[in-house]
Amino acid sequence: MIINSEVVKLFHYISSQDEEQKVSTYQGQITCRYGYGRAKKTTLQGGAGQDFLSVHIKGDRCNFVICDGVGESKQGSSNTRYLGNTLLEWLDSTIDWSTKEFLSFMEYVPVMAMKELQNPKSSETMYICGRVELPTLENPVGRIWMAWQGDSRLRFWRNGDEVSQYFKGTMRAEERWSISEGPLGGEPHVYQSRLEYGVPMRLQLHTDGLRDLDPIHERLPDEQIQILLDAPHTDGLIEDAAFLEFEW
């Protein structure tokens, strides 16, 4: 599905955790592809997926978040959604992008959750969130800012060459966020870099349900991404899977 950017000036997507989302594309100043699939076990039981993704694009600005719930807590899907929505709100409102400020916020979110969710049961989530501010003719230097904990995948291509070396050593399964305790296994990782005008880039994020993408460096067409989400080779996904990719 391609959405005409001349008609849609704003793009806002929040994954439904109760059904699959076929690979779809929004085309604007930032091109966004996204898809979502529940594990076979979850679909057979009619349950909600514990992965979550959301993206908000406004012209040359983009906020995004992808979350992977850990374990099989019955509240895991709602807690993951809570963290995702909370992170998206923070990305849209913060004026302090420092590592210290983000850590302070992630340590405070459990206090908010305790009040807003009325004593939620403990569950843990891995996440990646970020913001892209494109360079323009008027402002030739843009910015990309990202933060994460866990082993969800984060890959970055600049001018066709993958430049993901910085991320690989920081994607650790023992690091995650707890709705009752905040960051676990270490502090959040934060990355910030300039974006230069006229340099094509591709940013890809996905949860470990799409681990078949790990050895693939080239851009796959929608149809092949969808095959991985449908997972006919294993008669369905073994784990929930969320996919998000940007190009500019």
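Reply: Let us begin with burial: a residue counts as buried when its relative accessible area is under 20%. Please keep in mind throughout that this is a predicted model.

Me: Is Glu 162 buried or exposed?

Reply: Glu 162 has a relative accessible area of 19%, so by that cut-off it is buried. This residue belongs to strand β10, which covers residues 161-162.

Me: Which residues does Glu 162 touch, beyond those up to four places away in sequence?

Reply: Glu 162 touches Arg 155, Phe 156, Trp 157 and His 217. Separation along the chain and separation in space should be read side by side. For Glu 162 and Glu 181, 19 residues apart in sequence, the C-alpha atoms are 35 Å apart.

Me: How far apart in space are Thr 42 and Glu 239, C-alpha to C-alpha?

Reply: They lie 8.7 Å apart, although 197 residues separate them in sequence. Thr 42 sits in helix α1, residues 40-45. Its relative accessibility is 15%, so Thr 42 counts as buried. Once neighbours within four places in sequence are set aside, its contacts are Gly 47, Ala 48, Gly 49 and Asp 240.

Me: Where is Leu 228 found, and with which residues is it in contact?

Reply: Leu 228 is part of helix α5, residues 222-230. With neighbours within four places in sequence left aside, the contacts of Leu 228 are Leu 210, Asp 212, Leu 213, Leu 220 and Leu 237. The relative accessibility of Leu 228 is 15%, and it therefore counts as buried. Between the C-alpha atoms of Leu 228 and Ala 241 there are 9.4 Å, for 13 residues along the chain.

Me: Let us turn to backbone angles. Which value does phi take at Ala 231 and at Asp 235?

Reply: At Ala 231 phi is near 50°, a positive value in a residue other than glycine. At Asp 235 phi is near 60°, again positive in a residue other than glycine. Ala 231 lies in the loop between α5 and β15, and the place of Asp 235 is also in the loop between α5 and β15.

Me: Are these two residues buried or exposed?

Reply: Ala 231 has a relative accessibility of 2%, so it counts as buried. Asp 235, in contrast, has a relative accessible area of 53%; because exposed means over 50%, Asp 235 is exposed.

Me: How should I read the pairing of strands? In which sense do β5 and β6 pair, and over how many bridges?

Reply: One looks for the direction of the strands, the number of bridges and the residues that face each other. Strand β5, residues 51-58, pairs with β6 in the antiparallel sense over eight bridges. Within this pairing, Ile 57 is opposite Cys 62 of β6. The hairpin of β5 and β6 has two residues between the strands, and Gly 59 takes a positive phi near 65° there.

Me: Which strand is joined to β6 by 10 bridges?

Reply: That strand is β7, residues 124-133, which runs antiparallel to β6. Here Val 65 stands opposite Cys 129 of β7. Of the 10 residues of β6, eight are buried, so the strand is largely enclosed by the rest of the structure.

Me: What else pairs with β7?

Reply: Strand β8, residues 141-149, pairs with β7 in the antiparallel sense over seven bridges, with Glu 133 opposite Arg 143 in β8. Strand β11, residues 176-178, is antiparallel to β7 and joined to it by two bridges; there Trp 177 is the bridge partner of Thr 125. Nine of the 10 residues of β7 are buried, so this strand too is largely enclosed by the rest of the structure.

Me: Finally, how do helices α2 and α3 cross?

Reply: For a helix pair one reads the distance of the axes, the angle, the hand and the residues in contact. The axes of α2, residues 76-93, and α3, residues 99-116, come within 11 Å and cross at roughly 130°. The two helices are therefore oblique to each other, and their crossing is right-handed. Among the residues making the contact are Tyr 82 and Trp 90 of α2 and Phe 102 and Met 106 of α3. The contact residues comprise 10 nonpolar, one polar and two charged.

How values were computed:
Residues numbered from 1 in each chain as written. Predicted model: local features only at pLDDT ≥ 70, side-chain atom pairs only at ≥ 80, totals over all residues. Heavy atoms only, no water. Helix = DSSP H or I, 4+ residues; strand = E, 2+ residues; numbered from the N terminus. Buried < 20%, exposed > 50% of the residue type's maximum accessible area, 1.4 Å probe, protein only. Contact = heavy atoms within 4.5 Å. Pairing = 2+ DSSP bridges. Axes fitted to C-alpha atoms, helices over the stretch in contact; angles between N-to-C directions. Parallel < 35°, antiparallel > 145°, perpendicular 65-115°, else oblique. Left-handed = near helix turned anticlockwise from the far one by under 90°. Nonpolar A, V, L, I, M, F, W, Y, C, P; charged D, E, K, R; others polar.
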